[in-house]
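Me: Please take a close look at the pockets of this protein, one part at a time.

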Amino acid sequence: VFRPEIGRLRWRRHRLRRLHCKLVVIDGRIAFVGGINVIDDMDTPNQLPPRFDYAVAVEGPLLPMIQRAARHLWQIVRWATFHQRPPPPPPPAPPTRAVGDMVAAFLLRDNLRHRGDIEEAYLDAVGGARREIFIASAYFLPGRRFRHALMEAARRGVEVVLLLQGRVEYVLLRYASQALYGTLLKAGVRIFEYHKSFLHAKVAVVDASWATVGSSNIDPFSFLLAREANVVVRHGGFAAGLRDSLKRAMDDGAQEVRLEDQSRRPVLARLMSWLAYSAVRVLVGIAGYGRRVDVE
């Protein structure tokens, strides 16, 4: 657990139209937002170490927003089940004062008013990066805008580092992601695959001053179809601590993917990657009911 000297928003590292966000609010005094599911840590194939994941613990003025989001989700579930679920309890009084010195925002993604909030926050941070971008994403299949933003950052001298899934959990997404490796590597983006266990993290750090932790992967399912929740933080201590944690994870359990590795991949493997990528585009198009989606 990383605890800044001042402030009450901290992340916790956990080795370890769909609802994908993970929200917990306790007595209106503390909330948890991140990628951690409520599952057995040791429920991994072949007795691997627990999944590698993150969540933030939040105290202070963000709590009412998170609480409203959690209550709204519960009300939707009640409506969808014809009120077979009990109503949520009345919310306690919200905090009346700031806690700590961190500047933070709570971002939701839905299919109504907040369809692009999380992706736009990422793109703003990537576009303004000057030194480095660290991204960990369990499932990585960005659309054209996001890919171009990362490659443009690398071309202007920003160190762009991606920590991605190294183990096969969903074969289609695994092969589809690999179809993008060559283009990104040629632009100067560095890619590391996490092999120690299953990577489930969805976090990023930009210039050791901006950070986000949440449930949103960088793929069309999270950016276009799922209900997601992230916290974005502007705080040097928080961002630096998260960056250090990612760096340790890379040193301890990840392997860098080189451009020459891609050129040596068997022809059949490369063909499988592009077939998987095409299949994902088709699936997203069907799920989006013909709506224009940025997965090209």
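Which element gives the most to the lining of the second largest pocket, and with how many residues?

Reply: α1 gives the most to that lining, with 6 residues. The model is predicted, so local features need pLDDT of at least 70 and side-chain atom pairs count only at pLDDT 80 or more, while totals for chains, interfaces and linings use all residues. Residues are numbered from 1 along each chain as its sequence is written, and side-chain values use heavy atoms, with hydrogens and water left out.

A pocket here is an open set of points on a 1 Å grid over the protein atoms alone, where a 1.4 Å probe fits, with protein on both sides within 12 Å along at least five of seven lines; lining residues have an atom within 4 Å of a point. The second largest pocket holds about 380 Å³ of space, a volume being the space filled by probe spheres set on the points, which are joined across faces, edges and corners. It is lined by 15 residues, and His-72, Leu-108, Asp-110, Arg-113 and His-114 are the closest to its centre. At least two lining residues each come from α1 and β5 (103-109); helices (H or I, at least four residues) and strands (E, at least two) are DSSP runs numbered from the N terminus. The lining divides into 8 nonpolar, 2 polar and 5 charged residues, where Asp, Glu, Lys and Arg count as charged, Ala, Val, Leu, Ile, Met, Phe, Trp, Tyr, Cys and Pro as nonpolar, and the others, Gly among them, as polar.

α1 also supplies the largest share of the lining of the largest pocket, 6 residues.
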